[in-house]
Each structure stands twice: as C-alpha cells, then as structure tokens.
There are 2 protein chains.
Amino acid sequence: MEYPFSVIAVDVGGTKIACAAVRYESAGEPPVVEGKRSVATCAQEGGEAVLERIVGIVADVRASLADQAHLVGIGVGTAGRVDARDGSIAYANEIMPGWTGRPVAERLKAAFGLPVAVLGDVQSHALGEARWGAARGAQTCIVMAPGTGLGGGIIAGGRILRGAHGFAGEIGATPNTLHAGDGNLESVAAGSGIEARYEAATGTHLGGAEISARAYEGDPAAREAIENAGRALGIALAGWANMLDPEMAVVSGSVVKAGPIWRDALHAAYVEHAPGVLAELPVLDASLGDAAPLVGAAENLLDSLEG
Amino acid sequence: MEYPFSVIAVDVGGTKIACAAVRYESAGEPPVVEGKRSVATCAQEGGEAVLERIVGIVADVRASLADQAHLVGIGVGTAGRVDARDGSIAYANEIMPGWTGRPVAERLKAAFGLPVAVLGDVQSHALGEARWGAARGAQTCIVMAPGTGLGGGIIAGGRILRGAHGFAGEIGATPNTLHAGDGNLESVAAGSGIEARYEAATGTHLGGAEISARAYEGDPAAREAIENAGRALGIALAGWANMLDPEMAVVSGSVVKAGPIWRDALHAAYVEHAPGVLAELPVLDASLGDAAPLVGAAENLLDSLEG
C-alpha cells in the first residue's frame, strides 16, 4: 500500500452508527481518525433501514474527504455475530431486530465499488487496541469488554482471531467458573449481571454506576456484586492465559469504571488461579476510547487486502 | 524449499526419546517418517544426560539418511514448557529432573550446524494433526490430550499458537468448571484425576484401564469417575469453542480409550453448554498416532524457516 491512503470505517452499535475516515500518512505513524460523524441506529426500524443508514453515512464521509483518490476500502465493525466468509450478519439479538442475515459487505461493495471487510464490534475494538492502542504491537493478546454484556476479542499472530464462522472471542458465553452450573460468565461479570445480582440480594433494581457508588459508600451487597464480577473475570482470565499465554490483557467497557474494588478482585482471583509463570500478566486499560473500533475496522480492511 | 527434503524430528518424553527423518517428496504429498528409532530417556540421570542422548540419537538418524544433501534442519517436540524465544526448557516437572533450563536448540545447533526449532510435545502433536492428520488443513483447531496429565495445543491461522513465552495450550491448568473451586481441569479430566476420584470414592487405587473396564461391567463409582472426566472436558470445550470458534476439536491420549461412556458424557456436556451455532463442532480422534509429534516437530522447523 502506498502512503498516504484512507479507509472509511463504520462502527455499528445498537444505539448509534459512527463513521469516519481513518487516514494513514506514513509507515509506523498512527492513523488519524478524520471527519467523524454519527447517526442514531434506530434499530427498531429493522435491518434493512439500518443498512440504508450505513450506506448514507458512508456516502457522507466519502463526500467530505479532501483526498478521494487514495481511498482503499471500507471497514465495518458491527454488533452481532459476523459471518467471516461473506461479511453478512450470522446472528444478532433482539437489540437489532432484523439485523440477522443482512448482507453488509455485499451491499456496501455494490453501493461504492470498493473493497469491504466486516468484523464484530468487539473484535474491531480489540484489533484497534492491538495495532495502535494499549496493546500496540502485541502478537498474542486478549481484550475483555465488560459493559452491558461481556464481549471479547483475541489477537493471535498479530491478527484478530475469527475462527471457523467468525464468532471467536465470545468470552461472555464461557461457563461461569465462580458459581459452577449457574449461568455463563456474562451473567456475573457484565454490568447486567452486577445489576441482577444486586437486585437478587436486595430487592432493589439499580444501574451499574449507582451500585458502584454505593459499593464505595460501604453497601455490602453492592460491594459483593462488583467483587463477584471482578473475581469471576479473574478466574476466567487465568484459564484463558493458560490457553493463550498472551503478552497482556486489555480491559474496556463500563464495568471498568467500577474502579479498584473491581480491579483488585479481578487481580487477586487471577493471581490465585494462574500458574506462577503467568502471574505477571499485565492487565491494561484500553487507550483509544471510541476510536478503537473505527481503527480496528480499518485495520481489518487492510488485513483483508493483504490476504 | 525445493523438494525433496528431510527434517530430523525428535520426540522427547519422560520415558523415551524417539527420532526419525521426516521426508517431504513433493508439494501436497504427506511426509513420510523414515528410519525411526528410540531410546529410553533415563530422565533420572538428569537434564544434561538427556541432552547428550538426544544429540546421540540425532547423529544416528542423520548417519542413516540415504540423502544427506537435502536435510534442512532439526525439529524437536519435548516434555516441559519450552521457551519460544530461545528453544530452551523454561520449566519441567519432577518427571524430568534437571530438564528445566537445558538449552536444547542451542546445543543441537552447535552439534550439527543446522537450523533447529523446539516446541512442546503436545504442541508438536497438535501441529502434526493439523497439518497432515485428523485436522488436516485446519486454520483454527483445538487438540486435547487427556492422558496421565491433560495437555493441549491450539492452531490459529493455520499455525501452532505459542503465545508470549511459548506456554499456550496448557488446558489442564484451566479452572475446574464442573466442581468450582476444586482443583483444575486436569484433576478431574486426566487419567490421574480419574484414578484419584475413583480411589476417593472406593478406597481402592486402580489404573485407568481397569477403571474403564469396571465402568463397562457396571461399577457405578468407575462409571462416575469416567463420566465426570468427560463432562468436565465437555464443559471446558464449550468455553474454548466460544473463545476460538474452531473448525474442529481433536482428542488424543489414553483417556480416549475409555470409549463411549467418556465420549457420550463429553458430547452431552458440550452440547448443553455450547451455543446452538457451535453445537455441531466435530470432535475427532487423532489419526497419526505416534507419528504426530514427529511430523509436528518437523512442520514447526519448516515454519521457523519461513519466519
């Protein structure tokens, strides 16, 4: 690829669609995210409407590019399980009704006549962090994103691991190792799990930020829900570290905001369950913020051009 | 690489060292294992003596080669955790006293003046099966080897995943998901775990083959120990499948001989814990037998020459 060049990157979430140009000036220099804009996903209008909205925002960003000659393709990171073989949506849950089956790559190729590569949103996030963020240059890395749900992404050989269908990195569906037989890891380690377990203990439904605030004020049920979330993720991370021997782990997502109560529980459980040779695993905060999935979607497009 | 060519491959275990030439006649044609010989490891004589024995058997196999001109290097698969950076032994347990720290790659390079690549024994096994065995051509695959212990190997992007230190694939150290907080997966899913749990239930110590025979004769404690081993591995496999989305899993090792009682328990637990989209994961028997680690060690040498 000859510098400079740009990739149009799209980040499709349940509430908004963000789009920007990711511009690469020269080798080794971090790409710049330019002309970012976003629109509401309006997911309830159905998959076809979402697809049209994506085409619209890509057209807008393309029209705004100062240098259209060096546009090499379109990279998409999206909610749902992406079929790695054709860039369609293999499965999306009820947050995106009708998103399952949408031929995202095919539609964008037809609309713009450019190469297109589609990845999962958390996979995009992970790849962005591994290339230019907290895990810059990592060959083996695991990214854990405990937010409302619990997603993840695995970097192996410096690339995002997609697997047979494209579904690799679904760490939330891992069995719950803290309470055997009781749901999956997401049900305890994600924000929704923290809220559900706090409600089960107290009868009160609160949002994650409020539970976190109460934990620091000394509410034992709040502290327990957050510590459990950290502990469950720490035990699971010990298992993944044995599997993958990563250079580092990266954490990202709203649960990370629960701070030291969560982080200390994660760390203690990890050290307790990991073998001594892996005890020093760095667990780093993601560093690219909202740019991560855009950068990762662009990097995935570049990887796809290399073959 | 120009055909034909050969790699000398070594498989270093706790009881014996096997060595052979792995000969590649032409592209796409399975390599042939030739001139195989083996010696007792005599591990109790210490790491230095084992290293000398390896040099000796490699010299013997080299001397026996009809075509010495096309020998491209030496590939080793060995017990212990191999440091991927320098091909030394980062850690070996008491089965191989003094094996920790031995500079295997360095010594063989010095002795023979050829490229050398060193991998873990189960990693070699996994790579052999992924290239020319049950998982031939797989890009993403997990190999599980429940024998006396429980080892594993992960194929990602068609290559063996080694990780930051070289320790990837240590599936036995995964937390025990069947009995939370009670040891690691090896303690229930490996042969040693089956024996220990049978002894705990009955007060009688028996070998795995005998426990297996008793399970088929209707001994409920024997059946339970074997079913538990299969169930624990099946639950763990569901987690790994969510992580890796492999094309298939391969099983190998003495526990596999426990037959349908073990396999049915593994399958039922896997299907119960895996998401529907991954329920059809093929779980295949390894097909190369004792040749797998030799072929894998040779393949790893070839990968190392490609860089």
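Thr41(B) touches Gly13(B), Gly14(B), Thr15(B), Lys16(B), Ile17(B), Val50(B), Arg53(B) and Met96(B), leaving aside residues up to four places away in sequence; contact here means heavy atoms within 4.5 Å. This threonine sits in the loop between strand 3 (32–40) and helix 1 (47–64) of chain B. Helices (H or I, at least four residues) and strands (E, at least two) are DSSP runs, numbered from the N terminus. With a relative accessible area of 0%, Thr41(B) is buried, where buried means under 20% relative accessible area, exposed over 50%, and partly exposed in between (1.4 Å probe, protein chains only). Cys42(B) lies in the loop between strand 3 and helix 1 of chain B, but it counts as partly exposed at 33% relative accessibility. Cys42(B) also has a positive phi of about 50 degrees, although it is not a glycine.

The structure is a predicted model, in which local features need pLDDT of at least 70 and side-chain atom pairs count only at pLDDT 80 or more, while totals for chains, interfaces and linings use all residues. Residues are numbered from 1 along each chain as its sequence is written, chains are lettered from A and ligands numbered from 1 in the order in which they are written, and side-chain values use heavy atoms, with hydrogens and water left out.

Chain A has nine helices and twelve strands. Its radius of gyration is 20 Å, close to the 19 Å that the globule rule gives for 307 residues, so chain A is as compact as a globular protein of that length; the radius is taken over C-alpha atoms, and the rule is 2.2 Å times the number of residues to the power 0.38. The C-alpha trace of chain A spans about 60 × 45 × 35 Å along its principal axes. Buried residues make up 56% of the 307 residues in chain A. In strand 7 (residues 116–120) of chain A, five of the five residues are buried. This strand runs parallel to strand 4 (residues 71–78) of chain A, and five bridges join the two; strands pair if DSSP finds at least two bridges between them. Within this pair, Thr78(A) stands opposite Gly120(A).

The two chains can be compared directly. A rotation of 180 degrees with 0.0 Å of shift along its axis superposes chain B on chain A (RMSD 0.0 Å). The two copies are thus related as by a two-fold rotation axis; the superposition is by least squares on the C-alpha atoms of residues with pLDDT of at least 70 in both. Of the interface residues of chain B, 100% are also interface residues in chain A, so the copies meet through the same surface.

Ile154(A), in strand 9 (residues 150–156) of chain A, is buried at 1% relative accessibility. Among the residues that Ile154(A) touches are Cys141(A), Leu161(A), Leu244(A), Met243(B) and Leu244(B). Trp240(A) has contacts that include Ile142(A), Leu233(A), Asp245(A) and Met243(B). Asp245(A) is found in the loop between helix 7 (220–244) and strand 11 (248–251) of chain A, is buried with a relative accessible area of 0%, and has a positive phi near 45 degrees.

Finally, a cis peptide bond joins Tyr3(A) and Pro4(A), with omega about -10 degrees. Another cis bond joins Tyr3(B) and Pro4(B), where omega is about -10 degrees.
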